[in-house]
Amino acid sequence: MTCPSHYKEKRPVILCVEDEDELRRDIADELTEASYDVIEARNGHEALDALDETRPDLILCDISMPGLNGYGVLKAVQTERPDHADIPFVFLSALGDPREVVAGKRLGADDYLVKPIDYDLLLATIDARLRQIERIHSTQEARTVVDVAVWSAAFRLTPSEVRVAQALTEGKTLTQIADGLGVSRTTIAFHMRNIFQKTGTERQAELVALLLKGR
């Protein structure tokens, strides 16, 4: 099974969280053979430490572990690491009771696989989740291109003004926009005045509403 096309130039990174050493190594070997890079964590705390250092493409996590269990890892990702909350999260557990599966998904897990591991199913699940992320990225990129074309044509915005407009629709503050573009707030204020004039708006909320409506 090959990796999704979005990842052709780099091997997707899987964070594998499993307290059973032999099983974790077996999973890592299977994933490596399938062209994934693997970060291993023996427990929930090691998993969170790993997430402080890197952003994997998918998290594969056991539930029953000493200390911080899989549910705790998922909750920590959702509440303490919002920039990682969109990473696909797959539970791997010996708890095969349907109620446990439902509970795991209600907590926010994307998938729930039951031990003993069916490696064909595991690889198919990972592949499907990464392809889903690829489709989301493609849609977002396409929408951005459309936004730029629409705003440029409708309001005659310059490339710099389009970048400011795009950042506004993403909810960024003027300071964040200035930092992101590497310019001063004075420059951003200048672009904002031009955008207000060209779009016939007077307030930022009115401007953002107009831009989003034009998508």
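The model is predicted. The protein has nine helices and five strands, and 41% of its 215 residues are buried. Reading from the N terminus, the elements follow the order β-α-β-α-β-α-β-α-β-α-α-α-α-α.

**Overall picture**

- Among contacts with a separation of 6 or more, 60% are between residues 24 or more positions apart.
- The accessible surface of the protein is about 11900 Å², and carbon and sulfur atoms contribute 51% of that area.

- Strand E1 (13-17) pairs with strand E2 (residues 37-41) in the parallel sense, over five bridges. Within this pairing, Leu15 has Ile39 of E2 as its bridge partner.
- To get from E1 to E2 the chain passes through H1, making a right-handed β-α-β crossover.
- E1 also pairs with E3, again in the parallel sense, over four bridges. To find this pairing in the structure, look for Ile14, whose bridge partner in E3 is Leu58.
- E3 and E4 run parallel too, joined by four bridges. Here Leu60 stands opposite Val90 in E4.
- A right-handed β-α-β unit is formed by E3, H3 and E4.

**The largest nonpolar core**

- As a general background, nonpolar side chains in soluble globular proteins tend to be buried together.
- The largest nonpolar core here holds 21 residues, and those touching the most other members are Leu15, Val17, Ile59, Cys61, Val73, Phe89 and Phe91.
- Beyond residues up to four places away in sequence, Val73 touches Gly44, Ala47, Leu48, Cys61, Leu68 and Phe89.

**A buried arginine**

- Arg24 sits in helix H1 (residues 21-33). Its relative accessibility is 6%, below the 20% cut-off, so Arg24 counts as buried.
- The side chain of Arg24 comes within reach of the backbone oxygen of Glu18, at 2.8 Å.
- Setting aside neighbours within four places in sequence, Arg24 is in contact with Cys16, Glu18, Asp19, Glu40, Ala41 and Arg42.

**Helix H6 and the residue after it**

- Helix H6 (residues 159-169) has eight of its eleven residues buried, so this helix is largely enclosed by the rest of the structure.
- The buried residues of H6 are Glu161, Val162, Val164, Ala165, Gln166, Ala167, Leu168 and Thr169.
- Just after H6 comes Gly171, which takes a positive phi of about 85°.

**Backbone details to look for**

- The peptide bond from Lys115 to Pro116 is cis, with omega near 0°. Pro116 belongs to the loop between strand E5 (111-114) and helix H5 (119-155).
- Ser35 is not a glycine, yet its phi is positive, near 75°. You can find Ser35 in the loop between H1 and E2. With a relative accessible area of 33%, Ser35 is partly exposed.
- Arg156 also has a positive phi without being a glycine, with a value of about 55°. Its place is the loop between H5 and H6. Arg156 counts as exposed, at 70% relative accessibility.

Technical notes
Residues numbered from 1 in each chain as written. Predicted model: local features only at pLDDT ≥ 70, side-chain atom pairs only at ≥ 80, totals over all residues. Heavy atoms only, no water. Core = buried A, V, L, I, M, F, W, Y, C linked by side-chain atoms within 4.5 Å. Buried < 20%, exposed > 50% of the residue type's maximum accessible area, 1.4 Å probe, protein only. Helix = DSSP H or I, 4+ residues; strand = E, 2+ residues; numbered from the N terminus. Contact = heavy atoms within 4.5 Å. Polar contact = N/O pair within 3.5 Å; in protein donor to acceptor, adjacent residues only side chain to side chain. Pairing = 2+ DSSP bridges. Right-handed = clockwise from strand over helix to strand, strands pointing away. Areas by Shrake-Rupley, 256 points an atom, 1.4 Å probe, with all protein chains shown as cover.
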